[in-house]
Amino acid sequence: MSTDSPLNGRKVYLPRTFRAFQNRDYRLLWPANLLLYTARWMQMTTLGWLVLVLTDSPFRVALVGFFAWSPMFFLGMVGGFLADSADRKRVLAIAQGVSLVSAVAMALLLISESERFWHAYLVISVVGVAWALDMPSRRSAIPDLLGRAGVTNGVALDSVGMSASMLLGPILAGTLITLVDPAGTYVAIALLYAVSLVLLMPLRLTPGMRSRGGASVFEDLALGLRYIAGNATLRATLLITVLMNLLLFPYKHLVPVMARDVLHVGPGLMGVLQAASGLGALIGAVVIASALDIRYRGRLFIGGSMFALTALLLFSLSRSYFLSLPTLVALGFGTAGFSTMQSSIVMLVAREDMRGKALGVTSLAIGVGPIGALLVGGIASALTASLAIGFMAGAGILCLGLIAALMPSLRQRVEPDERLS
């Protein structure tokens, strides 16, 4: 089925799945995001393998994830503050430029054979800072461009791009490491950042809208926390976001260890293993983007999260590469429900003047991921990678069940907050 919409004086016919592309600026933002996300996943895969080769330590491999996500905890609210108050296009361009410079620096270190394992931590920390500062502005741009009615489709299509990057990034990284070397991989990463930056230049974004003149970042943090604490739906969404980033997503940092030591494969097949969840997430995101009307977003949010955690538990039990692949595809399919509905619920429920702050607090919740990386890395070093992943999955299933039972508001129909500021 098709829809039509005026665009530059013409009628444009697009399948409902792709209706957000009727907006000219969204058609620039989407490929820019896809290239950016792909470059970041390539970096995570390349640096994880590099640290494993240089140190042979599961804990030090997990530290790549710690340094990648810890800036989100410390700077997530700063990103929300910028989304509400700054020129969003400038925020995106500066953050992306910083990522580009760091990729070029790492490429030069690898080309000159001067790399040390701690260089990986430094470079991924810089990328983490850029991500923390630009993510709220990047996501806030979607309702600005598409309006409330287009939020779910726009976020779902952005999740399609993010899922595609989870598929493409690890496969490209694993293939390039195998066929060329990590230095060649990093040259490709730098090129992706550069092209993405060029695509951002013609983008037209409105400046952030301040709810109160002169408020500081810390005042925004306090205001955002109070606002979320007073809304049962946002409160439940925040708790599940903390849970998933603490107990589910850290498994990715141990995939290089699982690939080499448990499944006995090299970097090429390791990249395919990393990408398997991306394939599942891509399928799930396309399904969500194609939906005409999702009435109970919270149920999809909870159900997708539980599905992903159950698949992770099965992955921890597998000792076969070809059994591990479909479990990670299933995991990715579940995460599509989590990631798409997480942003959609926050942007739909939060008032317009509180949207950046709510997204900033969500970034703060995502920032617990480094604690999960340390936890899974520590357990893997003391026991095994398989046991570490299984423990995290089991704890996640139990905690998610408790949250869903004790906080029923998320299972009701999501309604926007229409109160005046």
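What is the handedness of the crossing of helix 8 and helix 12? The crossing is left-handed, a term for a near helix turned anticlockwise from the far one by less than a right angle, with clockwise giving right-handed.

This is a predicted model, in which local features need pLDDT of at least 70, side-chain atom pairs count only at pLDDT 80 or more, and totals for chains, interfaces and linings use all residues. Residues are numbered from 1 along each chain as its sequence is written, and side-chain values use heavy atoms, leaving out hydrogens and water.

Helices are DSSP runs (H or I, at least four residues), numbered from the N terminus. Axes are lines fitted to C-alpha atoms over the stretch in contact, with angles from 0 to 180 degrees between N-to-C directions.

| Pair | Angle | Axis distance |
|---|---|---|
| Helix 5 (residues 151–179) and helix 12 (residues 321–349) | about 145 degrees | 9 Å |
| Helix 8 (residues 232–247) and helix 12 | roughly 150 degrees | within 10 Å |

Helix 8 and helix 12 are therefore roughly antiparallel (over 145 degrees). Their contact (heavy atoms within 4.5 Å) is made by T233, L234, T237, I240, T241, M244 and N245 of helix 8 and F338, Q342, I345, V346 and V349 of helix 12.

Helix 5 passes helix 12 in a right-handed crossing. Here the contact involves V151, T152, V155, A156 and S159 of helix 5, and residues of helix 12 including S339, M341 and L348.

In the loop between helix 1 (24–55) and helix 2 (58–85) lies D56, a residue other than glycine with a positive phi near 55 degrees.

Note on methods
Helices (H or I, at least four residues) and strands (E, at least two) are DSSP runs, numbered from the N terminus. Angles under 35 degrees count as roughly parallel, over 145 as roughly antiparallel, 65 to 115 as roughly perpendicular and the rest as oblique.
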